[in-house]
Amino acid sequence: MHRAVYPGSFDPCTKGHLDIIQRASGLFDEVIVGVLYNSAKTPLFSIDERVNILKEVTKGIENVRIEAFAGLSVDFVRKCNAQVIIRGLRAITDFEFELQMAQTNRVLAPDIDTMFLTTSLEYAYLSSTTVKEVASFGADLTEFVPPYVLLKLKEKLS
């Protein structure tokens, strides 16, 4: 079985994230979306909220599983018995950081590969940071996030 892990903060999950998840699910037998708990950051949504949101927006994709994790991505990938880390690239500015991370992961875990999926052009500008900033001003987020995420953002920010 070919299994991949797509790690990230997903705070909040955007249509760009969902695009990567859907496309990765067509390439692998199973995709595990690893929702990172990072004690150094203060996310808008708790780890449980992010996991539950992702479970809801991916419920129609049968070979996708959502799990929380802390620590190194490669350790989580090994725990999941996966062989590949999925990373999304929006623009050339993402590439330098992502390449450095992939090379570091390769040194830490030579048996795990990183696969980059370029975000579909319609979502190339999107980031969770941008979504949170736009949301804080009460702007329409319909084009940025799935409907369930929009609902949860409205609840959180009201």
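This is a predicted model: local features need pLDDT of at least 70, side-chain atom pairs count only at pLDDT 80 or more; totals for chains, interfaces and linings use all residues.
Residues are numbered from 1 along each chain as its sequence is written, and side-chain values use heavy atoms, with hydrogens and water left out.

Let's start with the largest pocket, whose volume is about 1100 Å³. A pocket here is an open set of points on a 1 Å grid over the protein atoms alone, where a 1.4 Å probe fits, with protein on both sides within 12 Å along at least five of seven lines; lining residues have an atom within 4 Å of a point. The volume is the space filled by probe spheres set on those points, which are joined across faces, edges and corners. There are 43 lining residues, and Pro-7, Gly-8, Ser-9, Arg-87 and Glu-98 sit closest to the pocket's centre. Helices (H or I, at least four residues) and strands (E, at least two) are DSSP runs, numbered from the N terminus.

Now look at the loop between strand 1 and helix 1, where you'll find Asp-11. Asp-11 counts as buried because its relative accessibility is 5%; buried means under 20% relative accessible area (1.4 Å probe, protein chains only). Beyond its neighbours within four places in sequence, Asp-11 is in contact (heavy atoms within 4.5 Å) with Pro-43, Leu-44, Phe-45, Arg-50, Ser-128 and Lys-132.

Follow the chain into helix 1 (15–25). At its start, a side-chain oxygen of Thr-14 comes to within 3.1 Å of the backbone nitrogen of Gly-16. Helix 1 is largely enclosed by the rest of the structure, because 8 of its 11 residues are buried. Among them are His-17, Asp-19 and Ile-21.

What about the nonpolar side chains? In soluble globular proteins, these tend to be buried together. A nonpolar core is a set of buried Ala, Val, Leu, Ile, Met, Phe, Trp, Tyr and Cys residues joined through side-chain atoms within 4.5 Å. The largest one has 34 residues, and Val-33, Leu-54, Ile-86, Leu-141 and Val-145 have the most contacts inside it. Helix 2 gives the most to this core, with 5 residues. Leaving out residues up to four places away in sequence, Leu-54 touches Phe-10, Cys-13, Ile-21, Val-33, Val-35 and Ile-66. Apart from this core lies another, of 11 residues, including Val-5 and Ala-109.

Conventions:
Buried means under 20% relative accessible area, exposed over 50%, partly exposed in between (1.4 Å probe, protein chains only). A polar contact is a pair of N or O atoms within 3.5 Å; within protein, one must be able to donate a hydrogen and the other to accept it, and residues adjacent in sequence count only if both atoms are side-chain atoms.
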